[in-house]
There are 2 protein chains.
Amino acid sequence: MTRLNENYLKVEKSYLFTDIEHKVHAFSEANPDAKIIRMGIGDVTRPLARPIVDGLKAASEEQAHVETFKGYGPEKGYAFLRDAIADKVYLSRGINITAEDIFISDGAKSDMGNFLDILAKGLDVLIADPVYPVYMDTNIMEGNRIHKLPCLAENDFLPQVPKDQKADLIYICSPNNPTGMTMTREALEDWVSYALEQDAIILFDAAYEAFIQDDSLPRSIYEIPGAEKVAVEVRSFSKFAGFTGLRCGYTVIPSGLMVRSEDGQNYPLADFWMRRQTTKYNGVPYVVQRAAEAAYTDEGYAACMENIRYYLDNAKALKEALETLGLKVYGAENAPYIWAETPADQTSWEYFDFLLNEAHLVVTPGSGFGACGEGYIRLSAFASHEDTKEAISRLNAIVKN
Amino acid sequence: MTRLNENYLKVEKSYLFTDIEHKVHAFSEANPDAKIIRMGIGDVTRPLARPIVDGLKAASEEQAHVETFKGYGPEKGYAFLRDAIADKVYLSRGINITAEDIFISDGAKSDMGNFLDILAKGLDVLIADPVYPVYMDTNIMEGNRIHKLPCLAENDFLPQVPKDQKADLIYICSPNNPTGMTMTREALEDWVSYALEQDAIILFDAAYEAFIQDDSLPRSIYEIPGAEKVAVEVRSFSKFAGFTGLRCGYTVIPSGLMVRSEDGQNYPLADFWMRRQTTKYNGVPYVVQRAAEAAYTDEGYAACMENIRYYLDNAKALKEALETLGLKVYGAENAPYIWAETPADQTSWEYFDFLLNEAHLVVTPGSGFGACGEGYIRLSAFASHEDTKEAISRLNAIVKN
């Protein structure tokens, strides 16, 4: 008789953003005239840049002709895209990552979850709190032992290397979702040393790298010497190029990163990821890979950066507005997220309800990201300028009343 | 210290088609002038139908404008596509599957592999031999107990319900890859009865359903009463509409299909698949879902069926040619695969080498699909008419020499 993976009974029944959606839906039903502004989920709103759409359409037309039709693609992704990434993201910045180390996928979320397939179960895993729920849920599903790293105002919301704690796997997201804070070089050096010492793997989520404005902050973990022996870096076109609906990302596994079997032998981790992907995956659509390639042309890249600037302007305006309200506000400078302390005595969900009812604003309750997020809310900077402006005047109106 | 999932050491080091690729590459290097014809991997060669490309391009243009831009999509796929599938594939054929039961994905291969995430480990799994390697490998990776169902000439290459064997999970692929044989209604009824008796799940792979010409053969397992309580059906646009490079498929989990926890409680299986997909996946690109929708318009569907006819004509011609060579040939009538016995005393790989060297034809060695495939080769009918004709004259030339 078929039995369930019992670990699935231990995860929250529904995904945080599904819960929020239900609340918003109920409010909307009861208040059909309210114009709701969404600053909850981290979805982009700017359309795709023209060079990207042109790349997508040209590749689509290729699929209509027998001479240029493409069926199954290379398992790791097309060389044209892996080469473009290796060149623009790594080599041109002096980082020694080659196209061979890059595996194209449909997004960071898939890779983050699927990556656990190739590792043993029952691992000791270090995860920040608050955190992007996917790290937590995927590890619960595998039956791993999770050790939380509290991220609070007193440590600048950055995870600290623990004392007397062994670790097999460490999640680091920088710039961070949900707090909008970014790891310094020194902080990352500490983590790389610790991982080398522990023979652990760091899963480095760089999905928001494009938002980094401060040049002293690392954009890739491979800027840290030794990281190529311990770190897997996951990246995405979702935020950099607005691909949340087009789906493309990639995972970097350097050839020198080894993993051990029970009998003590070392194997290149990349070989097992390759085996997993060739067995359970068939790659990203050719047309999407051509669209992603277009994001690295001069024109495409400039258009992407213009959108990033657009969202960062929103972040700045929101941060200032919330500060005017008297809230303590974090993030927003090198990230599209604003992390704000709720007014005295209000829980995250209470303040969520308050903002939904009084200002028709949807934010994300910080407690949805973990216990240490209680007493905070997250705002995303991905709305339009117009909606952001409107949201700010509604926040101001609340103060005046 | 990070350890490996030890099960990965038990699967073959590389994927069958990667091995073939290496052999072909070596031959090609040694014989640069040889014009190789590929009848190995099951990749389509006909370009996408015009209505599908037009759908893809129109949706791409939508992504360029703020008013029509789409970011993250609904987790199960867009309603427009799930509704089209429910209507055209099921309801219009009198099968009671609704849009709610349908989960859109990037393809059957992903779903087949990822589906095991939500089940317990150490299951008793029944798998045909020969078989599509993905069923075998994904179950080895999970540490399940595999029981092989020999498919031989004496049983028409169809898996038979075993006596005195318990089962949790049963894989059935019809029309079959690699043998090209199709399950009869009676054979499927036997399997559904057995699954009901065992409280087991049937994973029914209908990727080649579009090739069925004989109206007495079931196109969906849900044509069999009771299947809605035990069967998950996986389908794909890869062969039906030529989407091997565009990536779209879907999995059907009827709401009445229950799975049990250790403490004996029953849960709807679909809830756990939904939880898995929302946590580890972000859906199929909007543009690809619009392209898939176009395959169900009258014009789109007719164009897809024209391509199916094209491949079936190849299959028929190849079958006849191989019979002329004196080989025993199976399949090819309701499927794009031809399953042929090798000439006396030759193993599958020997005959593979012979055909590569003498006729510059790439086929798939039957033994690559399992021990019971030894002594057979698989040909795919997906080449062009011209290449198929050329392959046939090369085969005839071999006989004459």
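Domain bounds, as used in these legends, come from an automatic or database domain assignment.

**View 1. The two domains of chain A in the predicted model.** Chain A is divided into domain 1, which is made up of residues 6-47 together with 299-400, and domain 2, which covers 50-297. The C-alpha centres of domain 1 of chain A and domain 2 of chain A are 25 Å apart.

**View 2. The side of domain 1 of chain A that touches domain 2 of chain A.** Here 36 residues of domain 1 of chain A are in contact with 41 residues of domain 2 of chain A. On the domain 1 side, the elements that give two or more residues are helix H11 (298-324), strand E11 (329-331) and strand E12 (337-341) of chain A, and H11(A) gives the most, with 8 residues. By class, this side of domain 1 of chain A divides into 20 nonpolar, 10 polar and 6 charged residues.

**View 3. The packing of H11(A) with helix H13 (residues 385-400) of chain A.** The axes of H11(A) and H13(A) come within 10 Å and cross at roughly 0 degrees; because angles under 35 degrees count as roughly parallel, H11(A) is roughly parallel to H13(A). From H11(A) the contact is made by A:Asn314, A:Ala317, A:Leu318 and A:Ala321, and from H13(A) by A:His385, A:Thr388, A:Ile392 and A:Leu395. The contact of H11(A) with H13(A) has 5 nonpolar and 3 polar residues, with no charged residues.

**View 4. The packing of helix H4 (residues 108-115) of chain B with helix H5 (residues 133-142) of chain B.** The axes of these two helices of chain B come within 9 Å and cross at roughly 30 degrees, which makes H4(B) roughly parallel to H5(B). H4(B) passes H5(B) in a right-handed crossing, and the contact is made by B:Lys109, B:Met112 and B:Gly113 of H4(B) with B:Val134, B:Tyr135 and B:Thr138 of H5(B). By class, the residues of the contact of H4(B) with H5(B) are 3 nonpolar, 2 polar and 1 charged.

**View 5. The contact between chain B and chain A.** This contact takes 71 residues from chain B and 72 residues from chain A. On the side of chain B that touches chain A, at least two residues each are supplied by helix H2 (50-62), H4, H5, strand E9 (258-260), helix H7 (269-280) and helix H8 (286-294) of chain B. H2(B) gives the most to this side of chain B, with 6 residues. The side of chain B that touches chain A has 32 nonpolar, 21 polar and 18 charged residues.

Conventions. Residues are numbered from 1 along each chain as its sequence is written. Chains are lettered from A and ligands numbered from 1 in the order in which they are written. This is a predicted model: local features need pLDDT of at least 70, side-chain atom pairs count only at pLDDT 80 or more; totals for chains, interfaces and linings use all residues. Two residues are in contact if their C-beta atoms, placed from the backbone, lie within 7 Å. Helices (H or I, at least four residues) and strands (E, at least two) are DSSP runs, numbered from the N terminus. Ala, Val, Leu, Ile, Met, Phe, Trp, Tyr, Cys and Pro count as nonpolar, Asp, Glu, Lys and Arg as charged, and the others, Gly among them, as polar. Axes are lines fitted to C-alpha atoms, for helices over the stretch in contact, and angles run from 0 to 180 degrees between N-to-C directions. Angles under 35 degrees count as roughly parallel, over 145 as roughly antiparallel, 65 to 115 as roughly perpendicular and the rest as oblique. A crossing is left-handed if the near helix is turned anticlockwise from the far one by less than a right angle, and right-handed if clockwise.
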